[in-house]
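With the model open in your viewer, follow the stops below in order, making each selection before reading what is there.

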Amino acid sequence: MSIKVEHELHQRRKGRNMGLLGLLLAFVALVFLLTVVKVQELGDASKFQGYDHVVQPALVPLEGEEGAVVSQ
Amino acid sequence: MTDVSLEQTSHEAGMGDYFALFKPRVMSLVVFTALVGLVVAPVPVHPFIAFVAILCIAVGAGASGALNMWWDADIDRIMRRTAKRPIPSGKVQPGEALGLGLTLSAFSVILLALATNFLAAGLLAFTIFFYAVIYSMWLKRSTPQNIVIGGAAGAFPPMIGWAVATGGISLESILMFALIFMWTPPHFWALAIFVKSDYGNAGVPMLTETHGRRVTRNHIMGYMIALVPVALAISFTSIGGPIYLATAVALNLWFLRACFRVWRRDEAQAEADNFAAEKAAFKVSLYYLFLHFSALLAEAALRPWGFGGW
């Protein structure tokens, strides 16, 4: 009987490793696509650009415009 | 020759062995009913969010299946029907099933909360807890009413699907829950009658063991009668309509007839034809649930074209 380098066990291990790789890649794709969809569903950009603690001129309402903060 | 010794020492599972821990057949029912709950809800859901939600519910159901197999490995080893499951057959170590079950439970609940809403995630968490702890650890081995109360775990998925879309609970989602909840006893007891000796050997107090098969037949009939109004009531809610009503009437008559045959027989008759009526009732029960939910799906699919609904 010859000694086989590739045993059935190695194949099973390989199958498991490839399976795990596939699952991890699928998870990355899932989180990415979910982010894209969630952001698109918001519609109005000002809803999600307010979280970085930096005033963005493009998003500050002009005076007299609806929603503008009237300064004293 | 060497294969034999390696089989005993390797203990390395393949991907498929882990997948078997998730009870794929139960999972398919969960996926289908959850999808129907989500689709028939009056609030549209983005297709990708819906996909992620159903995936989370499926993974959560699979995780609770793995926890169930971890806990029940001792009795699964004894019963013929379950002896080939991954843990009793030695392909997967009990600790692996426990780790996988706990990790995937947390994963599915957290992802569902992030993708949809906290109510849906909370319901999923409760379902996993109910199946793994209330049913598997507590009720299954302590009361002959085990599957009646445990059936609630299988009944939650359409309610979770509905919660994913609407963020709430309503009469429709409660009735979909009740349909599966009331369906479980006749479905499972029909099975218990023809695989009777197995549960007895494993010491699971199935109704057939504690009260005998005559009482089980009476219970099947009783629960079947109680199931009819629940199934028909859905027709008159916002998700029902003529297609569902017609389907429900036909299916209830069919299942009533099958259960009536089981109820009418005595043990001698059942032994004589090798439990043909019980096996038939079990088979009808599978169609019963599948077609009720298919009819709901048809109502929702036809609604945009002016059909479906009242």
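Begin in chain B by selecting α8(B) and α9(B), where α8(B) passes α9(B) in a right-handed crossing (right-handed if the near helix is turned clockwise from the far one by less than a right angle; helices are DSSP runs of H or I, at least four residues, numbered from the N terminus). This is a predicted model, in which local features need pLDDT of at least 70 and side-chain atom pairs count only at pLDDT 80 or more, while totals for chains, interfaces and linings use all residues. Residues are numbered from 1 along each chain, chains are lettered from A and ligands numbered from 1 as written, and side-chain values use heavy atoms, without hydrogens and water.

Helix α8 spans residues 146–166 of chain B and helix α9 residues 171–194, and they pack at about 145° with axes 8 Å apart (axes are fitted to C-alpha atoms over the stretch in contact, and angles run from 0 to 180 degrees between N-to-C directions). Show side chains next: the contact (heavy atoms within 4.5 Å) includes B:Phe156 and B:Trp162 of α8(B), and B:Phe181 and B:Trp189 of α9(B).

Now display both chains, and select the 21 residues of chain B that are in contact with 17 residues of chain A. The two chains bury about 1600 Å² between them, 69% of it on carbon and sulfur atoms (accessible area, 1.4 Å probe, lost on being put together, summed over both). On the chain B side, pick out B:Glu12, B:Met15 and B:Phe48, which lose the most area to chain A, together 38% of what that side buries.

Note on methods:
Helices (H or I, at least four residues) and strands (E, at least two) are DSSP runs, numbered from the N terminus.
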